[in-house]
Amino acid sequence: MKSVIFDMDGVLFDTERLCLESWLAVSKRQGIEDMAEFFPKCIGRNGPDTRALVLEHYGADFPYEEFCKEASVQFHRLVEQNGLPLKRGVHEILNFLKQENWAVGLASSTAYKSVTAHLEQAGLRDFFSVIVTGDMVEHSKPQPDIYLMACDRLGKQPDRCYAIEDSPNGIRAAYRAGMKPIMVPDLVAPDAEMEEICHKIFLNLKEVRDYFAL
C-alpha cells in the first residue's frame, strides 16, 4: 500500500497556530469571549461549515464576514513577518515518498487559491499529484466527502490509502471514508476516540516517514 493523502494546515504548515493567534487577536479587540475554547471545533472545516458553526455558537447576528476579513489581515501580517512555518519532517517525508514512487495527494479544507499559494511559496506543489480543497465539496471534514474525492482522483481505493491528519475532525473524515488515518497532533491532543479510530499516532512527520520505510 503506497498511497497517502495529506492534510495541509497543522500537518505540513504550522498555520493553525497562526490562525488561532489571529482569531484571538481579533476576538480581543472585539470583546468576544471563549474563542480559545471554541476555535478547536473549527479546525479541519471548510468556510461554509465554519460559518454555520460560528453563527450557531455566537448567534445569527455575529459579523462573521467582517471577523474573518480582519483575522485574515492579521494572519497574513504574521506570515509576512515570520514566513510560512513548516512542520518538522516535511521535506524528509515528501522526498522519501517521491523516491519510493508513492501516490501522494492533498485534501485540505482551506480554499484552493490559498492552498496552492502556500504550497508554491514553500516549493512543495510538485510533490502532490492530486489536490482537493474545501471549496470543491459541499461539506468538508468531519464528513468524508473531501477524502473520497481525493482517493477517487488519485485512483486509489480508500482502504488502500493512508491519510495524515492533525485534527479530530480530519481523523473522523478519513475514518468515515474508510482510509487508514494517521494522526500527528498539533493544537488538539488525541483522546480516547482518536486512539480508537486512528491507525497510528506519531509525534511528527519524521516518525511517519520512518514507519513508511519499514
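Modeller: Please note that this is a predicted model. Leaving aside neighbours within four places in sequence, Asp9 is in contact with Thr15, Glu16, Ser108, Thr110 and Asp166.

Colleague: Which side chain of opposite charge is nearest to Asp9, and how far away is it?

Modeller: Asp9 is buried yet has no salt bridge. A salt bridge requires a side-chain nitrogen of Lys or Arg within 4 Å of a carboxyl oxygen of Asp or Glu. The nearest side chain of opposite charge is that of Lys141, at 8.0 Å.

Colleague: Is Leu86 buried, partly exposed or exposed, and what is its relative accessible area?

Modeller: Leu86 lies in the loop between helix 4 (64-82) and helix 5 (90-99). Not counting residues up to four places away in sequence, Leu86 touches Leu12, Phe13, His91, Ala122 and Leu124. Buried means under 20% and exposed over 50%. Leu86 is partly exposed, because its relative accessible area is 35%.

Colleague: Against which elements do the buried residues of helix 8 pack?

Modeller: In helix 8 (residues 168-176), the buried residues are Pro168, Asn169, Gly170, Ile171, Ala173 and Ala174. Their packing partners are helix 7 (145-154), strand 4 (162-165), strand 5 (180-183) and helix 9 (192-197).

Colleague: Which residue just after helix 8 takes a positive phi?

Modeller: The phi in question is about 90 degrees. The residue that takes this positive phi just after helix 8 is Gly178.

Methods: Residues are numbered from 1 along each chain as its sequence is written. This is a predicted model: local features need pLDDT of at least 70, side-chain atom pairs count only at pLDDT 80 or more; totals for chains, interfaces and linings use all residues. Side-chain values use heavy atoms; hydrogens and water are left out. Buried means under 20% relative accessible area, exposed over 50%, partly exposed in between (1.4 Å probe, protein chains only). Lys and Arg count as positive and Asp and Glu as negative; His and the chain ends are not counted. Contact means heavy atoms within 4.5 Å. Helices (H or I, at least four residues) and strands (E, at least two) are DSSP runs, numbered from the N terminus.
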